[in-house]
Amino acid sequence: MNTANLRAGLYARVSTRNQVGEDRTSIPDQLRRNHEVCAREGWQVAGEYVDPGISGEQLEARPEMMRLLADCEAGRLDVVVAIDLDRVARDELVFAQIFHRLDRAEIAVHADATLYDPENHSQLLTRGIKAVVSSHDKRALVAKMAKGQRARALAGGWPGGTPPYGYRLVWPESDGRKPLAQVALDEAEAEMLLCAVDAIVEEGLTTGQACERLNSLGYRTRGGTHGRGGRDGDGGRWTHQNLRRVLSAQALLGRVFWGKPTGRGDHRTRVRRDGTPKFGETVMVQLEPLVAEERFEALQAALARRAYGDKAPAKIYPLTGAVSACGRGRLGGVYRRDRDLRQYRCNRAKWQSDGSERCDCPRLDATALEDRVWTEVCALLADPARLLAMADEYLGVRVDAAAGETDRLGRLDRQIAELQQARVRATTDALKAGLDPELLRAAVEGIEGELAQLTADRERLEAVRADAHAAEERATAIGRLAERAADRLPGMSPTEQREVLGLLGVRVTVLDDSLSPALRIEGELPGGADLFPTTAGDLDGQGAQADGDADHSSCGDLDDEGPRCATCWPR
């Protein structure tokens, strides 16, 4: 590889926010050492790429690395310079993703005082071994740190990290050994929190109003990991979101949890597949409380009232999604609290962000519309024998189809296994025989192509089986519903009605823009059988079926879609 006059991209990264800041030297030191490499080698510095305080475990979470890779693939760089491979990645998967793209773009990497040439196989092997070792070391370090943090938490000490708002870290005097941090109340931040609690609980202020008062008094957020909050603090102004988050936390009671499996973003421990914490059960660290239990409960009740008001039961709209009269929108539920009135409204009647024209569909009384549709459903289910026969017929057909799908799946599995074995044999035999790598690649690519096709066929078959299984369950549920329809249907709640309509696949279309419009009610059973062969169709505004066989020759209101006169298709 010709190393003269290369265009270099300098990359630097630290893993945590604690390593970032004006008093920290890691990033500047990394860049300084990278510049020294370029000066020594005679390379041109084409750009600097810095990911501060970002873990190397997720490629997509590293914006500067993504920009670096894009510049490499665009031909703007020839070499990437980092102080060591750990800065590039410490996870095998991320390492492989990054170097796959760099190797494909023929980009060299200078790290660990070594220039890794993408065409040098020995260096590629060394690079891969270092990646595996680095990833192993990191996992061992994380497990060791977690074990130590948990032990400190169990002993009542501070496990590490930044304490919650209202508290600060202190380091007691030591006898020459490195002191362990302890947590104490932060008087300035505690003063702000108590002011906010009083404003919300005693005066009935909303969180937004409380923020206005706090900001006017000069109280500020922390402004980062190492910042201080309280009056004239280091951070910015309080907002509804961050104040509510702080006041909702049990840290006000002095309860801080280490190793929680739930939380925001990265603020949670890793969990196993069964949901249990990977590094041990959650430990609660008890600090000095900021407020009493009774005060905390009063605060939470006040926050709930101020945010939402006294909560009323949710209104159910079983016909949500029905096609509206304009034909371009869908019906959704709206509630008029002043009239205790449930209505349906076309979603195209609302203001549209794309500037499109709003429709003129009127709001429809929800109870009246639902009663009409439910009357048709009850009439359908009044004859359970028909539904049972249709469900049984579909299930009988599925038995034969399922047997064929199982046989086909077994054949695909055998073919895939044979190709995988053939791929291994071909690679092993070629390596033993010293076959040219290009010939080996060509031989393996043919097997890979067949394997990819068979795998895609298997995935499609599995998808068909999954859909069919869901349809079988639906047909069985319809049969059970039909058997008990006479007893259950009259007293069903709107929630239960919604479930039945979904089970039957009922589709409703509003056919005109009157307040009591004509409706089309349709449905389809598994297997494609029409659910409403005799009763479905266009119901006029009084719920009667429209006369689809009327003579329209005299009214002259026929078009390609059928009759449009007021008698046969009320507008």
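Mentor: Arginine 255 has a relative accessibility of 25%, so this residue counts as partly exposed. Please keep in mind that the model is predicted.

Trainee: Which residue meets the side chain of arginine 255 in a salt bridge?

Mentor: The partner is glutamate 293, with an N to O distance of 2.8 Å.

Trainee: What about glutamate 370 and arginine 342, buried or exposed?

Mentor: Both are buried. They form a salt bridge whose closest N and O atoms are 2.7 Å apart. Since glutamate 370 is in helix H10 and arginine 342 in strand S13, the pair ties together parts 28 residues apart in sequence.

Trainee: And how far apart are the closest N and O atoms of aspartate 198 and arginine 295?

Mentor: They are 2.5 Å apart, in another salt bridge. This pair links helix H6, which holds aspartate 198, to helix H9, which holds arginine 295, across 97 residues.

Trainee: How many salt bridges does the count come to?

Mentor: The count is 20. Asp29, Arg32, Arg33 and Glu36 are linked in a network of them.

Trainee: Changing topic, at what angle do H2 and H4 pack?

Mentor: The angle is about 20°, and the axes are 9 Å apart. That makes H2 roughly parallel to H4. The crossing is left-handed.

Trainee: Which residues of H4 take part in the contact?

Mentor: Ile98, Arg101, Leu102 and Arg104 of H4 meet residues of H2 including Met65 and Leu69. The contact residues divide into seven nonpolar, three charged and no polar.

Note on methods: Residues are numbered from 1 along each chain as its sequence is written. This is a predicted model: local features need pLDDT of at least 70, side-chain atom pairs count only at pLDDT 80 or more; totals for chains, interfaces and linings use all residues. Side-chain values use heavy atoms; hydrogens and water are left out. Axes are lines fitted to C-alpha atoms, for helices over the stretch in contact, and angles run from 0 to 180 degrees between N-to-C directions. Helices (H or I, at least four residues) and strands (E, at least two) are DSSP runs, numbered from the N terminus. Angles under 35 degrees count as roughly parallel, over 145 as roughly antiparallel, 65 to 115 as roughly perpendicular and the rest as oblique. A crossing is left-handed if the near helix is turned anticlockwise from the far one by less than a right angle, and right-handed if clockwise. Contact means heavy atoms within 4.5 Å. Ala, Val, Leu, Ile, Met, Phe, Trp, Tyr, Cys and Pro count as nonpolar, Asp, Glu, Lys and Arg as charged, and the others, Gly among them, as polar. A salt bridge is a side-chain nitrogen of Lys or Arg within 4 Å of a carboxyl oxygen of Asp or Glu. Buried means under 20% relative accessible area, exposed over 50%, partly exposed in between (1.4 Å probe, protein chains only).
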